[in-house]
Amino acid sequence: MPPTPRTRILGASLRNARIEANFGLRELARRIGVAPAMLSSWEQARRTPSLADVAGLLGAIGAVGNTRRDILRIAEGTAEQCWVVCGTPGSPARTIALAAHNESAQSIVSWDPFAIPEVLPIARTHPDTQLAPLEAFVSDHALHYRVGNISQTVRSVIRAAAESRQFALHVVPAGIAWRAGLTTAFDRYTMNSGESVVYCGQRGLGIFTVDPRETGSPFHKDLELVRQIAASHGRTLNFPSTSRSGLAF
């Protein structure tokens with residue numbers, strides 16, 4: 001059975017908590033009495049630790065308060081196909097959750113009608129991680145598009161994304177997209193394990209869910225429609241991951 005969104009988020013949260021507590025993988029594995037390979041498999045979501053294992057690990061690194069509470073809450077139902085992450089965009093909980101999917105996907109497609117997609121500024125957590133290709137559709141409203149120029153803040157976010165992966169940015173006319181009913185932002189992750197995971201970010205929470213219907217899902221239909229609009233009325237910027245020559249836009 002492939003990992004659920006909750007299992008991936010648990011693994012990333014355990015890894016983040018270990019690093020913040022200044023424990024190496026082998027050191028912590030020795031302290032809690034498991035093989036380093038087992039601890040690594042928990043962090044990489046290849047295996048799922050029991051609730052008792054998670055509690056013991058958190059005790060070993062001295063995790064207390066909100067960190068302990070939040071991670072134990074994730075661990076209580078890792079088989080569930082949906083998980084809600086509380087916090088605003090850019091908060092630690094949402095950043096960790098997005099990074100967990102960002103680093104274990106084969107490809108990512110993102111659409112945001114009002115803002116820069118939340119996945120764009122998510123950095124790799126390991127220097128040697130190869131991030132999946134990202135195809136982002138954004139409205140010209142989101143880019144503050146004026147006379148063909150993009151604001152410096154947005155330019156910096158796009159530059160960071162382009163330097164870390166193969167990246168295509170499609171700028172879509174906001175009015176056409178909104179009139180077509182494309183007003184819900186989401187990311188669709190095609191995972192290495194074969195399934196698709198959809199993420200919908202809102203002001204105070206983000207929702208991850210496995211998308212079982214594939215081509216029959218409303219998200220697939222929205223992507224097909226926004227692709228059509230981008231092809232007919234939009235502008236595309238492509239950035240190879242191995243070159244920075246295309247960054248002067």
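**Sheet and helix packing in a predicted model**

Ser110 lies in strand E2. The model is predicted: local features need pLDDT of at least 70, side-chain atom pairs count only at pLDDT 80 or more, and totals for chains, interfaces and linings use all residues. Residues are numbered from 1 along each chain as its sequence is written, and side-chain values use heavy atoms, with hydrogens and water left out.

Ser110 counts as buried, at 0% relative accessibility. Buried means under 20% relative accessible area, exposed means over 50%, and partly exposed lies in between (1.4 Å probe, protein chains only). Leaving aside neighbours within four places in sequence, Ser110 is in contact with Pro117, Val119, Leu134, Glu135, Ala136, Phe137, Phe186 and Asp187. Contact means heavy atoms within 4.5 Å.

Helices (H or I, at least four residues) and strands (E, at least two) are DSSP runs, numbered from the N terminus. Over the whole chain, the secondary structure comes to 9 helices and 8 strands. Buried residues make up 46% of the 249 residues in the chain. Among contacts in the chain with a separation of 6 or more, 73% link residues 24 or more positions apart.

E2 has a pairing partner on each side. With strand E5 (residues 186-191), E2 pairs in the antiparallel sense over 6 bridges. With strand E3 (residues 134-139), E2 pairs in the parallel sense over 5 bridges. Two strands pair if DSSP finds at least two bridges between them. Strands of a sheet pair through backbone hydrogen bonds, either parallel or antiparallel. Trp111 stands opposite Phe186 in E5, and the bridge partner of Trp111 in E3 is Phe137. Asp112 stands opposite Val138 in E3.

These pairings belong to an open sheet of 8 strands with mixed pairing, in the order E1-E7-E6-E5-E2-E3-E4-E8. Strand E1 (82-86) and strand E8 (235-239) are the edge strands, and each pairs on one side only. From one strand to the next, the twist averages 15°.

Arg165 counts as buried, at 1% relative accessibility. Arg165 and Pro133 are 32 residues apart along the chain, yet their C-alpha atoms are separated by 5.9 Å.

H1 (residues 5-20) and H5 (residues 65-75) pack at an angle of about 150°, with their axes 9 Å apart. Axes are lines fitted to C-alpha atoms, for helices over the stretch in contact, and angles run from 0 to 180 degrees between N-to-C directions. H1 and H5 are therefore roughly antiparallel to each other. Angles under 35 degrees count as roughly parallel, over 145 as roughly antiparallel, 65 to 115 as roughly perpendicular and the rest as oblique. The crossing of H1 and H5 is left-handed, meaning that the near helix is turned anticlockwise from the far one by less than a right angle; clockwise would be right-handed. H1 contributes Arg6, Ile9, Leu10, Ser13, Leu14 and Ala17 to the contact, and H5 contributes Ile71, Arg73, Ile74 and Ala75. By class, the contact of H1 with H5 has 7 nonpolar, 1 polar and 2 charged residues. Ala, Val, Leu, Ile, Met, Phe, Trp, Tyr, Cys and Pro count as nonpolar, Asp, Glu, Lys and Arg as charged, and the others, Gly among them, as polar.

The other partner is helix H3 (residues 36-43). The axes of H1 and H3 come within 7 Å and cross at roughly 120°. That makes H1 oblique to H3. Gly11, Ala12, Leu14, Arg15 and Arg18 in H1 meet Leu39, Trp42 and Glu43 in H3. The contact of H1 with H3 divides into 4 nonpolar, 1 polar and 3 charged residues.

Two loop residues have positive phi without being glycine. For Asn22, phi is about 65°. Asn22 lies in the loop between H1 and helix H2 (25-32) and is exposed, with a relative accessible area of 67%. For Ala45, phi is near 65°. Ala45 is found in the loop between H3 and helix H4 (51-61) and counts as buried, at 8% relative accessibility.
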